[in-house]
Amino acid sequence: MSPTVFFVAIISAMLINNVVLLRFLGVCPFLGVSKRSETALGMGGAVTFVMVVGSVLTYLIYYYVLEPFDITYISTIAFILVIASLVQLVEMFIKKVSKKLYKALGIYLPLIVTNCAILGVAETNVREGYAEEFGIMSGLGVAAASAFGAALGFTLVIFAFSSIRERLDAAEVPNAWKGIPISLIVAGIMALAFLGLEGIV
Amino acid sequence: MVPAIAVTTFVVILFFATYILNKRTPEPLEAAEIVDRETCTACKNYNCRYKIEETRGD
Amino acid sequence: MAQQASAKKKRKKDLQALAVFTRGIIKENSLFVLLLGMCPALAVTSSLETGLGMGLLVIFVLTLSNIVVSLIRKVIPDEIRIPAYIVVIATFVTIVGLLTEAFAPALHESLGIFIPLIVVNCLIMERANNFASKNNVLMSAIDGIGVALGFMLALMLIGGTREFLATGAIAYGIYLPLPFEGSIINAGLTLFQMEVFIGPAGGFIVIGFWLAVFKAIELYNKRKKKEARDRWIEKKKKEAAERKRRKAMESAGGSA
């Protein structure tokens with residue numbers, strides 16, 4: 001198993017199957033939160049952390065608890081509750097440990113519980129069948145890598161979009177198109193651009 | 001069936017426990033002010049209410 | 001007398017129920033007005049039928065979760081309200097996922113991870129938190145059906161538009177387990193199929209377009225209303241001025 005597998009997993013999750021633009025996960029924060037660049041980066045940081053840790057946890061639970069007992073049908077409920085617990089723990093931890101970190105990331109954590117990107121990536125990792133392809137332990141690495149790539153892709157897109165948004169606010173737009181409608185059109189054009197990256201890996 | 005019930009019960013209790021623990025941990029001072037209402041427009045109602053109700057009590 | 005009063009009360013209640021039901025469909029349409037549930041609206045609307053299928057699942061989950069949340073609203077301590085709602089919703093989503101897998105495998109296949117993701121659909125949590133936790137069971141059920149129906153109609157509108165633009169036809173019987181299949185509209189525009197609309201970019205653009213259309217209608221109505229009001233004020237002003245003048249003339253005539 002060569003390191004290129006991880007690299008390919010990261011690039012493919014980040015650019016070729018971008019979570020927001022091509023898999024439609026986490027569209028709410030994409031449209032709502034990303035007005036300022038710092039906000040976008042803070043959100044991206046929080047999502048990256050929770051997405052990677054959450055994916056690893058749910059992967060382990062799926063293959064070491066649900067699969068051996070043959071109870072994979074409760075995976076939805078197990079995944080969402082484990083991710084939600086994780087978010088609560090992380091929030092509590094940084095509340096206690098660092099005021100600075102809480103300022104930078106903590107305020108985005110409640111937004112993450114219902115962020116479909118986190119649960120979506122966890123579900124995808126299991127459905128992609130990395131464990132069957134690479135074995136359970138190596139599959140875990142690939143799953144973590146693709147979660148990391150997905151989070152990077154999310155950050156990249158909301159950061160880029162926040163910069164576009166600044167220009168968009170200053171532009172003259174017909175009244176009916178102001179706000180979300182024109183943002184969606186911009187997102188559509190961004191999605192077209194990302195379609196062009198198909199096939200680079 | 002038994003393991004399914006056991007696992008479900010476990011995760012439900014885990015979630016309730018962490019939620020209550022987190023809720024009882026006070027926020028660092030000053031931090032409450034930086035919850036910028038404007039950045040809270042994502043999923044208009046729910047997400048922010050979740051945050052606001054914790055800081056303001058509904 | 002008392003009978004009359006109670007009949008009146010009943011009518012009022014019926015009217016209120018009707019208002020709760022219709023409100024969610026047009027005036028407070030979850031997708032086009034409140035912008036809730038964007039992710040599934042983009043992901044599962046590549047055809048009318050997948051939109052319809054998703055909408056049906058959401059009707060099922062939202063109605064049942066509203067009923068249960070309303071039933072337990074007095075038992076659940078306030079502190080653990082939100083986690084309790086998440087558990088209730090996750091339970092119904094699991095049930096609905098298993099039912100779809102059994103009875104509509106093609107739909108299950110095409111909706112993919114968006115069936116478990118109904119759990120994190122803001123729409124359902126929002127209704128549980130803002131409506132079902134404060135109202136009785138019947139009202140909550142009516143609200144759930146109305147809101148989810150509005151969501152389903154929005155998904156169907158988007159899905160139908162995208163499917164028509166991409167294939168020149170709107171088909172049925174492919175994803176849902178219907179005993180027949182065919183197409184509702186078939187324009188036969190084989191030369192003008194714009195496949196981009198079935199892809200991700202098309203989803204964003206079609207939703208943006210419909211949002212702008214509804215916003216334009218809203219703005220137009222608002223302007224009409226304002227114009228009517230302005231005209232009314234103008235008329236009242238004129239009448240008042242006229243009255244004043246007459247009064248002044250009368251008093252002038254009286255004193256003379």
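Predicted model: local features only at pLDDT ≥ 70, side-chain atom pairs only at ≥ 80, totals over all residues.
Is Thr124(A) buried or exposed, going by its relative accessibility? At 15% relative accessibility, Thr124(A) counts as buried, because the cut-off for that class is under 20%.

**Chain A as a whole**

- Chain A has ten helices and zero strands, so that, read from the N terminus on, its elements run α-α-α-α-α-α-α-α-α-α.
- Of the 201 residues of chain A, 60% count as buried.
- When contacts in chain A with a separation of 6 or more are considered, residues 24 or more positions apart account for 77% of them.

**Helix 7 of chain A and Thr124(A)**

- Helix 7 of chain A covers residues 116-127, and its twelve residues should span 16 Å at 1.5 Å a residue, which agrees with the 16 Å between its end C-alpha atoms.
- This helix is mostly covered, since eleven of its twelve residues are buried; among them are Cys116(A), Ile118(A), Leu119(A), Val121(A), Glu123(A) and Asn125(A).
- Thr124(A), the residue of the opening question, has its place in helix 7 of chain A, and, leaving aside its neighbours within four places in sequence, Thr124(A) is in contact with Arg23(A) and Ile113(C).
- The C-alpha atoms of Thr124(A) and Ala147(A) are separated by 9.5 Å, although these two residues are 23 residues apart along the chain.
- Just after helix 7 of chain A comes Gly129(A), which takes a positive phi of about 75°.

**Helix 10 of chain A**

- Helix 10 of chain A runs over residues 180-195, and its 16 residues should span 22 Å at 1.5 Å a residue, a value that agrees with the 22 Å between its end C-alpha atoms.
- The buried residues in helix 10 of chain A include Ile180(A), Pro181(A), Leu184(A), Ala187(A), Ala191(A) and Phe194(A).
- As background for reading such a list, an α-helix has 3.6 residues a turn, so residues three or four places apart point the same way.

**Helix 4 of chain A against helix 4 of chain C**

- On the side of chain A, Thr76(A), Ile77(A), Ile80(A) and Leu81(A) meet Ile86(C), Val87(C), Ala90(C), Thr91(C), Val93(C) and Thr94(C) of helix 4 of chain C.
- Sorted by class, this contact has seven nonpolar, three polar and no charged residues.
- Ser75(A) is also found in helix 4 of chain A, and Ser75(A) counts as buried because its relative accessibility is 11%.
- Apart from neighbours within four places in sequence, Ser75(A) is in contact with Tyr62(A), Leu66(A) and Glu123(A), and Glu123(A) is itself one of the buried residues of helix 7 of chain A.

**Chain C as a whole**

- The secondary structure of chain C comes to eight helices and two strands, and from the N terminus on its elements run α-α-α-α-α-α-α-β-β-α.
- Of the 256 residues of chain C, 47% count as buried.
- Among contacts in chain C between residues at least 6 apart in sequence, 75% join residues at least 24 apart.

**Helix 3 and helix 6 of chain C**

- The axes of helix 3 (residues 48-71) and helix 6 (residues 122-132) of chain C come within 10 Å and cross at roughly 30°, which makes helix 3 of chain C roughly parallel to helix 6 of chain C.
- Residues making the contact include Val58(C), Leu62(C) and Val69(C) of helix 3 of chain C, together with Leu123(C), Ile124(C) and Arg127(C) of helix 6 of chain C.
- By class, this contact has eight nonpolar, three polar and one charged residues, and helix 3 of chain C passes helix 6 of chain C in a right-handed crossing.

**Ile207(C)**

- Ile207(C) has its place in helix 8 of chain C (residues 200-255), and Ile207(C) counts as buried because its relative accessibility is 0%.
- Leaving aside neighbours within four places in sequence, Ile207(C) is in contact with Leu184(A), Met38(C), Ala41(C), Leu42(C) and Ile158(C).
- Ile207(C) and Ile158(C) are 49 residues apart along the chain, while their C-alpha atoms are separated by 6.6 Å.
- Leu184(A), one of the contacts of Ile207(C), is among the buried residues of helix 10 of chain A.

Notes. Residues numbered from 1 in each chain as written. Chains lettered and ligands numbered in written order. Heavy atoms only, no water. Axes fitted to C-alpha atoms, helices over the stretch in contact; angles between N-to-C directions. Helix = DSSP H or I, 4+ residues; strand = E, 2+ residues; numbered from the N terminus. Parallel < 35°, antiparallel > 145°, perpendicular 65-115°, else oblique. Left-handed = near helix turned anticlockwise from the far one by under 90°. Contact = heavy atoms within 4.5 Å. Nonpolar A, V, L, I, M, F, W, Y, C, P; charged D, E, K, R; others polar. Expected span 1.5 Å × (residues − 1). Buried < 20%, exposed > 50% of the residue type's maximum accessible area, 1.4 Å probe, protein only.
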